Amino acid sequence: MELLNILLQGVLVGGLYAMFAAGLALIFGVMRLINIAHGDFIVLAAYLSLIATEGLGLGPLTSLVIVVPLMGVVGYALQRGLLNATLGKDLLPSLLVTFGLSIIIQNGLLQVFTADSHKLSAGAIEVATIKLAEGLWVGVLPLVQFAVAVAVIAGLHLLFYRTALGRAFRATSDDPTVAQLMGLDNRKVFAWAMAISMGVVAVAGVFFAIRANFDPSIGPARLLFGFEAVIIGGLGSLWGTLAGGIILGVAQAIGAHIDPGWQLLAGHFAFLLLLLLRPQGLFPKVFG
Amino acid sequence: MTDATVRVEHATRTSRFGTVLWIVLLVVLASVPLWGDRSDMRLLSEIFAYVALATLWNLLAGYAGMISVGQQAYVGLGGYLMFGLAIYGGVHPILAIPLAGLIAAVLSIPVAGLLFRLRGHYFAIGTWVIAEVFRLLASQISALGGGSGTSLPASIVIAMAPGRQAREVMMYGAMLLLVAAIVGACVLLLRSRYGLALTAIRDNELAARSCGVDVARTRLLVYVATACGTTMVGGLIFLQKIRISPDTAFSVNDWTAVVIFITVIGGIGRLEGPILGTIIFFLFRQTLSDLGSVYLLILGAFSIAVMLISPRGLWGFLSDRYGLQLFSLARRVRHRS
């Protein structure tokens, strides 16, 4: 029963990692860009939610109504104003600019909010549990978080394959030049992709901030979890990120059970092992 | 037409001046222990360390096209290897430095085997995962203080050399020797056929491949050499600090962010770039150090601006405009008269 409990906790945390990963996979799929500041944007979203909950008296989950569109606008503006200029055959500019952004966000947050750690309080839902079987309980909040992760990924999937915007995403992903000839404005398509990615980041950030303590320095580790989930799942596969996130979550849960110091190491080792055995990931597929 | 009628000339007019400049600079720097005090040597050592780290990162990213955001893995490894060898192996700390470099070179081969499965951007984040793994493993070593780190025992420090001044001179000399060796090795490497291969890979990987350049082997060579050099620099940095902990040894801000900013601002893909960048960085830091974490913020914004406006950095701009070159790395074919 204990093992089942560990596995269940791991799977549910995996949903959160899948949300970290989905935003990364989305923009890599559309414009072959890796946002090194991805994790720091997750932390930024957590702080925005903190402001909304403390300033406006909203609950963290209600604050999503403000934080998601706000992060979307930030993403759109960032892509139009800065990142579009870095795209091209050379990888260096986009990598270094997003790396610079990561340092700027971290130190900016440190300046405004200090290094104190914070946590969002969601009230009674945090301690509510459901009894699945004798000796097996599951928290309502992790369950909601996992359901939201599945919904977010399903939503992205629908967006990609059922809407005009998704068609534009797939077209620019396949061949940006031809897409442009067909009347798409790539700069706008990319900006929408970044806006949606940041919307996902906002959801992930708020759920993360309810679950655990956060401070300005923890962004990079979230980037690494998201990245590992993307690679484990297979490049460009949205459902793959869910599988990757779950594998990572379960590995960490098992590691933590053996020795608390091994929680993160176990996750990294699972990733390196998969990279060794199956470098293309579990469900490799590039959009299109 | 045989090889005898043509020769390749590396020097230009400014690079001849540059060669003289480097020799004079080296002599002046070597004489610092005679007239400078301890704090001069400490500051200069720190500058040397950053020139060395940035030169190595530039070789990796600017020439071989492997953008790493995880070189702190090797800086920290160097520190920990030096501490381990000195405390438990009884090795003299200075001797432990090349030994650590050797161990890192061997260790970096399987690491490269894993990382080379990732391309471009993913390679970059993969290097960061490796650095995290190293950091987490270091905090599991209870013999070296676990998560809170440890200090080099006083007995080992005293046994290094008689007297504090002698120790300072020894560490300063070692750092100067190391940075000179690293920059010198880069010049030699870039002048060799490997250098030509590297420059070709940097400019167009596909074309290089079709000209018969073994891209994978050249990259592996550069990765291993960079790991070895970075580890030695890391060992010396932590020998001067006397204290090590996983968070300082594997700090991404200190050993990667700053190094990347230095290289980008100075000029990526040029040997002069990291040297110029380090000078700018230290001027920057001396003036803005009161601002605390804001100075990293400004540095980040500044390097983004450089990347967008002049992607080849300050030295790239100067050398494009005025044809400046301080290392004899040009290749001009001359007919022998």
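Read along the sequence, chain A of this predicted model follows the pattern α-α-α-α-β-β-α-α-α-α-α-α-α, with eleven helices and two strands, where helices (H or I, at least four residues) and strands (E, at least two) are DSSP runs numbered from the N terminus. Residues are numbered from 1 along each chain as its sequence is written, while chains are lettered from A and ligands numbered from 1 in the order in which they are written. Because the model is predicted, local features need pLDDT of at least 70 and side-chain atom pairs count only at pLDDT 80 or more, whereas totals for chains, interfaces and linings use all residues.

The radius of gyration of chain A, taken over C-alpha atoms, is 19 Å, which agrees with the value near 19 Å for a compact globule of 288 residues under the rule of 2.2 Å times the number of residues to the power 0.38. Along the principal axes, the C-alpha atoms of chain A fill a box of roughly 60 × 45 × 35 Å. Among contacts in chain A between residues at least 6 apart in sequence, 74% join residues at least 24 apart, a contact being a pair of residues whose C-beta atoms, placed from the backbone, lie within 7 Å.

Within chain A, the axes of helix α1 (residues 2–31) and helix α9 (residues 219–233) come within 8 Å and cross at roughly 75°; the axes are lines fitted to C-alpha atoms, for helices over the stretch in contact, and angles run from 0 to 180 degrees between N-to-C directions. The helices α1(A) and α9(A) are therefore roughly perpendicular to each other, as angles of 65 to 115 degrees are classed, with those under 35 counting as roughly parallel, those over 145 as roughly antiparallel and the rest as oblique. Residues of α1(A), including Tyr17(A), Phe20(A) and Leu24(A), meet residues of α9(A), including Arg222(A), Phe225(A) and Val230(A). The residues of this contact divide into ten nonpolar, one polar and one charged (Ala, Val, Leu, Ile, Met, Phe, Trp, Tyr, Cys and Pro count as nonpolar, Asp, Glu, Lys and Arg as charged, and the others, Gly among them, as polar). In helix α10 (residues 238–258) of chain A, 15 of the 21 residues are buried, so α10(A) is largely enclosed by the rest of the structure.

Chain B contains 16 helices and four strands, and buried residues make up 43% of its 337 residues. Its radius of gyration is 20 Å, in agreement with the value near 20 Å for a compact globule of 337 residues. The buried residues of α14(B), among them Ile275(B), Leu276(B) and Phe281(B), pack against α3 (38–63), α13 and α16 (313–322) of chain B.

The contact between the chains takes 30 residues from chain B and 31 residues from chain A. On the side of chain B that touches chain A, the elements giving two or more residues are α6 (120–138), α13 (252–266) and α15 (294–309), and the largest share, ten residues, comes from α6(B). That side divides into 22 nonpolar, six polar and two charged residues. Gln140(B), placed in the loop between α6 and β2 (150–151) of chain B, touches Gly261(A) and Gly146(B), not counting residues up to four places away in sequence, and counts as partly exposed because 14 C-beta neighbours lie inside 10 Å.

Methods. A residue is buried if 20 or more other C-beta atoms lie within 10 Å of its own, exposed if 12 or fewer, and partly exposed in between; C-beta atoms are placed from the backbone. Two residues are in contact if their C-beta atoms, placed from the backbone, lie within 7 Å.
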